[in-house]
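I'm opening my notebook on a new protein today. My plan is to look up a few things in the model and jot down what I find.

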Amino acid sequence: MVTPILKKPSMDPTQLISYRPISNLSFTSKLLQRAVSTQVAAFFNQNKLFPPLQSAYRPRHSTETALIKIMNDALLAADQGMVTLVVLLDYSAAFDTVDHSIALGILEHIYGVTSSSLSWFLSYLSNCTFRVLSNSQKSASIDLGPVAPTKLNSVLS
């Protein structure tokens with residue numbers, strides 16, 4: 001269940017961009033997500049699978065550390081008489097568009113997640129739905145689509 005909440009009282013309530021989608025998940029679901037996230041992060045750290053300059057989703061790697069790195073690189077370049085151009089992109093909504101079959105293929109073939117762990121991710125990502133709750137009214141349930149086994153097999157091949 002997703003509840004749209006106005007980001008700021010000063011924003012236009014007639015514009016969808018003015019809203020932040022808040023997912024209402026059960027306590028058990030949140031607890032499970034936290035446990036899996038902790039285990040996956042530990043696996044990635046132990047096997048050095050995080051890109052060295054990635055700041056998101058890592059302890060002791062914040063937006064601040066990323067900005068310090070960018071500033072340091074820009075100052076070093078300026079000391080050498082070079083010009084620096086910085087392009088900052090917000091990928092925060094990118095996960096909403098990830099193809100689950102491709103993500104599972106990457107987990108298996110690039111990161112080495114196999115057997116029961118891969119099956120758990122497949123189960124978690126399959127048969128997902130969502131509804132919007134606004135002004136005590138619920139939208140129709142939207143099927144986010146199961147991970148098609150034939151599509152998964154073609155990605156994993």
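Here are my entries, starting with the overall build and then going to single spots.

**Entry 1: the overall build**

I reminded myself at the start that this is a predicted model. I looked up the secondary structure and got five helices and six strands. Reading from the N terminus, I wrote the order down as β-β-α-α-α-α-β-β-β-β-α.

Next I checked burial. The protein has 157 residues, and 16% of them count as buried. The exposed surface comes to about 12200 Å², with carbon and sulfur atoms supplying 61% of it. I also looked at contacts between residues with a separation of 6 or more: 34% of these link residues 24 or more positions apart.

How many salt bridges does the count come to? I got one salt bridge. Its partners are the side chains of lysine 69 and aspartate 73, with 2.8 Å from N to O.

Lysine 69 is partly exposed at 36%, and aspartate 73 is partly exposed at 35%.

**Entry 2: a nonpolar patch**

Staying with H2, I picked leucine 67, which is also found in that helix. Its relative accessibility is 44%, so I noted leucine 67 as partly exposed. Leu67 belongs to a nonpolar surface patch, together with Ile70, Val86 and Leu88. The patch covers about 340 Å².

**Entry 3: the second largest pocket**

I wanted to know which residues line the second largest pocket. My list reads Val36, Gln39, Val40, Phe43, Phe44, Leu107, Val113, Ser117, Trp120 and Phe121. The pocket has a volume of about 230 Å³.

Which helix gives the largest share of that lining? It is H1, with five residues. Helix H1 spans 27-46 and helix H4 spans 115-125, and each of them supplies at least two lining residues.

**Entry 4: two positive phi angles**

I went looking for residues with a positive phi that are not glycine. Serine 115 is one of them, at about 45°. Serine 115 has its place in helix H4, and at 53% relative accessibility it counts as exposed.

Asparagine 135 is another, with a phi of about 50°. I found asparagine 135 in the loop between strand E4 (133-134) and strand E5 (137-138). Buried or exposed? Asparagine 135 is exposed, with a relative accessible area of 71%.

**Entry 5: threonine 3**

I moved to strand E1, residues 2-6, where threonine 3 is found. At 18% relative accessibility, threonine 3 counts as buried, because the cut-off for buried is under 20%. What does threonine 3 touch, leaving aside neighbours within four places in sequence? I wrote down Arg20, Pro21, Ile22, Asn24 and Leu133.

**Entry 6: serine 139**

Serine 139 has its place in the loop between E5 and E6. With 25% relative accessibility, serine 139 is partly exposed. I looked up how far serine 139 is from valine 2: they are 137 residues apart along the chain, but their C-alpha atoms are separated by 9.8 Å. Not counting residues up to four places away in sequence, serine 139 touches Arg131 and Val132.

**Entry 7: leucine 144**

My last stop was the loop between strand E6 (142-143) and helix H5 (149-156), where leucine 144 is found. Leucine 144 counts as partly exposed, at 47% relative accessibility. Serine 126 is 18 residues away from leucine 144 in sequence, and 8.5 Å away from C-alpha to C-alpha. Which residues is leucine 144 in contact with, once neighbours within four places in sequence are left aside? I noted Cys128, Thr129 and Phe130.

Key: Residues are numbered from 1 along each chain as its sequence is written. This is a predicted model: local features need pLDDT of at least 70, side-chain atom pairs count only at pLDDT 80 or more; totals for chains, interfaces and linings use all residues. Side-chain values use heavy atoms; hydrogens and water are left out. A salt bridge is a side-chain nitrogen of Lys or Arg within 4 Å of a carboxyl oxygen of Asp or Glu. Buried means under 20% relative accessible area, exposed over 50%, partly exposed in between (1.4 Å probe, protein chains only). Patches are made of residues with over 30% relative accessible area and no salt bridge: like charges are joined within 9 Å, nonpolar side chains (Val, Leu, Ile, Met, Phe, Trp, Tyr) within 5 Å. Accessible areas come from the Shrake-Rupley method with a 1.4 Å probe; for residues, only the protein chains shown count as cover. Helices (H or I, at least four residues) and strands (E, at least two) are DSSP runs, numbered from the N terminus. Contact means heavy atoms within 4.5 Å. On a 1 Å grid over the protein atoms alone, a cavity is a set of points where a 1.4 Å probe fits but cannot get out, and a pocket is an open set with protein on both sides within 12 Å along at least five of seven lines; lining residues have an atom within 4 Å of a point. Grid points are joined across faces, edges and corners, and a volume is the space filled by probe spheres set on the points.
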